[in-house]
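This report concerns a metal site and a helix pair in one protein model. Please have the sequence and the coordinates at hand while reading.

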Amino acid sequence: MEPILFAHLTDTHINVTGKNPLFQMDMTKKLRELFAELGKLSRKPDFVVISGDLTQDGDTEDYRHLRSVLDEEKSKLGVPVYVALGNHDTRSYFREGYLQEEPTEESYYYSVTEKGLRLVVLNTQVPGQHGGRLDEEQLEWLRKELATPATGGTIIVHHHPVVPTITPLMDSHLLDNPQDLAAAIEGTDVIGLLSGHIHCNNISLFHGVPSAAATGVAFGIEPTSNDSMKFVDNSGYNLVLVKEGQMIVHPMAMAGSQQVVFEWKMDAAQAHS
Ligand SMILES: [Fe+2]
Ligand SMILES: [Fe+2]
């Protein structure tokens with residue numbers, strides 16, 4: 001199989017421009033700048049995947065806005081864009097505004113194959129909750145899906161990460177039931193896991209499978225603080241190469257002021273990313 005290169009973005013947190021802007025930053029501008037960077041790469045990615053927290057507190061109008069921005073950017077870049085849901089997303093608004101379907105609470109997970117590589121996009125978002133979980137219905141679907149190997153292996157995309165981080169505070173944001181994911185992928189063709197949610201790069205093995213969380217497109221979080229969350233004006237994405245059955249991840253940084261734009265004190269409020 002020919003090597004495949006794709007871009008893994010996460011945590012775009014956009015709303016309609018000018019509507020309740022998070023940290024007074026223009027997240028649509030950040031997303032467009034990131035796509036412009038992808039367009040300047042010497043080798044164009046084969047596709048783009050975004051692993052959740054697509055909107056900040058999105059309603060249907062925000063998802064329509066996101067869809068129109070992504071439609072425009074993907075046609076400029078000339079590659080498909082796939083998306084997953086995160087804890088900031090709302091299934092019904094996403095279905096109505098982004099997918100242009102009936103606004104139901106149906107979970108959003110699927111698989112696609114690009115040049116022999118199977119991309120499995122999961123839904124770890126639980127309506128109304130900050131934490132993430134894979135429910136039994138989805139796990140059953142995943143086990144069935146993975147029962148047949150793909151030519152070029154499988155990469156799973158999910159919002160809530162699964163490998164330990166630097167601090168117990170960050171660890172409290174991991175997937176609630178990683179053991180169920182581990183059991184579902186054991187002995188299958190899964191060669192990598194890609195996630196977001198924690199807004200910082202975090203790379204390790206998960207039951208022998210490489211797992212990489214990317215920093216956010218919208219902002220980063222300083223990863224060493226255990227009593228507060230420091231939201232930083234920076235951005236980034238991961239370039240992912242699949243070659244000879246291996247997933248190789250290149251974290252790519254984007255310019256930003258690097259200033260802490262907000263500090264969320266843990267003694268004053270619940271964790272929020
Ligand atoms: Fe996020
Ligand atoms: Fe999140």
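The sections below treat the metal site and then the helix packing of this predicted model.

Four protein residues donate to the iron ion (ligand 1): Asp11 (OD), His13 (NE2), Asp53 (OD) and His199 (NE2), at distances of 2.0 to 2.3 Å. Along the sequence, these donor residues follow the spacing D-x1-H-x39-D-x145-H.

The angles among the 4 donor atoms run from 86 to 172 degrees, and the site is classed as irregular.

## The iron pair

The iron ion (ligand 1) lies 3.5 Å from the iron ion (ligand 2), and Asp53 coordinates both. His13 belongs to the loop between β1 (4–9) and α1, whereas Asp53 belongs to the loop between β2 (48–51) and α2; the pair therefore ties together parts that are 40 residues apart in sequence.

## Packing of α1 against α2

Helix α1 spans residues 27–40 and helix α2 residues 60–77; they pack at an angle of about 15 degrees, with axes 10 Å apart. The two helices are therefore roughly parallel to each other, and α1 passes α2 in a right-handed crossing.

On the α1 side, the contact is formed by Thr28, Leu31, Arg32, Phe35, Leu38 and Gly39. These residues meet His65, Leu66, Val69, Leu70, Glu72, Glu73 and Leu77 of α2. By class, the contact comprises 7 nonpolar, 3 polar and 3 charged residues.

Conventions:
Residues numbered from 1 in each chain as written. Chains lettered and ligands numbered in written order. Predicted model: local features only at pLDDT ≥ 70, side-chain atom pairs only at ≥ 80, totals over all residues. Heavy atoms only, no water. Axes fitted to C-alpha atoms, helices over the stretch in contact; angles between N-to-C directions. Helix = DSSP H or I, 4+ residues; strand = E, 2+ residues; numbered from the N terminus. Parallel < 35°, antiparallel > 145°, perpendicular 65-115°, else oblique. Left-handed = near helix turned anticlockwise from the far one by under 90°. Contact = heavy atoms within 4.5 Å. Nonpolar A, V, L, I, M, F, W, Y, C, P; charged D, E, K, R; others polar. Donors = N, O, S within 2.8 Å, 3.2 Å for Na, K, Ca; no water. Tetrahedral: all angles 85-135°; square planar, octahedral: opposite > 155°, others 65-115°.
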